[in-house]
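We will visit a few charged pairs, one stop at a time.

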There are 2 protein chains.
Amino acid sequence: MNENKAAKRSRQPDSPPAEANARTRIFLAAEALVAERGFDAVSSRDITARAGVNLGAINYHYRSKHELLLEIFRTRAGELNRERQAMLRAALAQKPVSARTILRALIEPPTLWSSDERRTALTYLNRARREGPSEVREIIRADVRHLRRFATALESALPEVSREEILWRLHFTLGVLHHNSAADYERLALLSDGQCAPDDREALLARLLAFITAGFGV
Amino acid sequence: MNENKAAKRSRQPDSPPAEANARTRIFLAAEALVAERGFDAVSSRDITARAGVNLGAINYHYRSKHELLLEIFRTRAGELNRERQAMLRAALAQKPVSARTILRALIEPPTLWSSDERRTALTYLNRARREGPSEVREIIRADVRHLRRFATALESALPEVSREEILWRLHFTLGVLHHNSAADYERLALLSDGQCAPDDREALLARLLAFITAGFGV
DNA sequence: ACTCGTATCAAACACTTGTTTGAGATTTAT
DNA sequence: ATAAATCTCAAACAAGTGTTTGATACGAGT
């Protein structure tokens, strides 16, 4: 059997889709296609065609299509969480801790991922959370550990609010943050006759922060 | 060909999954299965098995699986929108119009759909909006007309806020409202160690209203 | 030069998908 | 009761799925 001989190979497939090895070309092609069309609308043949590799390459380099999609999720979720954690640590360093700064650590990284590659990475993450295979849920449990840190941070910044209340507001906040797929913005554009453009990320960040901090009573 | 001989038949498949005609049994089985497992994880064979009918029944009573899923969406979205519009009319009747009452008209109907049948109907709607086939988007355009009424209502209740700002906040609000799939609540339960239970719909409604009205500065 | 691990390829695999078919049963109306 | 519409059924269909196979090419390393 071909085993996982190639499992422990190149690390982060950062950018170049042009001429990289087949493994990262598959990674990037799959990520882009899923971001565009959705999880269940992408076949192995689509991916390999876009990557310019043979059909069997997915099963050779990754063990299966399933594991490929999981690895994409793990990689991107890790990148996002690391950025958030760094900002959270910085927020907790200054005393007194500000709820606004904590919320910014949660909101800013995904909102300011505005380059093409990072936008597709974000779209992939959102799609995976919603449509992804059940194994993604396992990883989201790891996400819970990550989110719990935000909950306790907010708890110390807002001692007058109960933990249950904070968790609910965090839940609502995640609803807002996840609501930024292409379809979501399509509806907003229709609703506003193109008046509301999501391309100005800084303005969007300001709006998001204002809406959510208000919800937290800050 | 069998044409659409049975296309203009029984109207609303309200509740009884027990012993109704095959058409409504298919409707309810498909709705429940999609709500449970997601759009692309439900096959024609799953549906007909659950409904206790023959495999070909879907293509006989509805023209295709596709149209079946569309009809479910149309039916439920219509029910929800009618309730919202009724509350919106009532909110606009009293002067001066209160932004809080308008927002309640948007939030309360889906939140208080707490019977089993209506919960699955809601879950179906949310799933359709996210994972659904592209034709669902067409119907969501009709939804836009529906939402625009809320936007202009809020505009008259909050004359000091620009239309663009109102549309953005409405966009955020829909993010919160759509964030109530089973998976979403699963994460909340994990995060809170089961402390946050989404079963108390009245309490949830109060929390939602507080969070969102705060976001609107009301 | 010759092997060995790695990589790529076309072809086929077993399986599931939604849909169609044609015959039989059931109901309804005249 | 007779005929006509309506419905149900098992079986098969073509198309698409992810994966496996075995052959072949490449590229070092001793």
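Buried, a word used at several stops, means under 20% relative accessible area, with exposed over 50% and partly exposed in between (1.4 Å probe, protein chains only). This is a predicted model, where local features need pLDDT of at least 70, side-chain atom pairs count only at pLDDT 80 or more, and totals for chains, interfaces and linings use all residues. Residues are numbered from 1 along each chain as its sequence is written, chains are lettered from A and ligands numbered from 1 in the order in which they are written, and side-chain values use heavy atoms, with hydrogens and water left out.

Start by selecting Arg23(B), which counts as buried because its relative accessibility is 6%. Helices are DSSP runs (H or I, at least four residues), numbered from the N terminus.

Next, select Glu165(B) and Arg207(A), whose salt bridge spans 2.5 Å, N to O. Glu165(B) sits in helix α8 (residues 163-178) of chain B and Arg207(A) in helix α10 (residues 201-215) of chain A, so this pair joins two chains. Both residues are buried.

Last stop: Glu79(A) and Arg76(A), with their closest N and O atoms 3.1 Å apart. About one helical turn separates them, because they are three residues apart in helix α4 (residues 65-93) of chain A.

Terms used:
A salt bridge is a side-chain nitrogen of Lys or Arg within 4 Å of a carboxyl oxygen of Asp or Glu.
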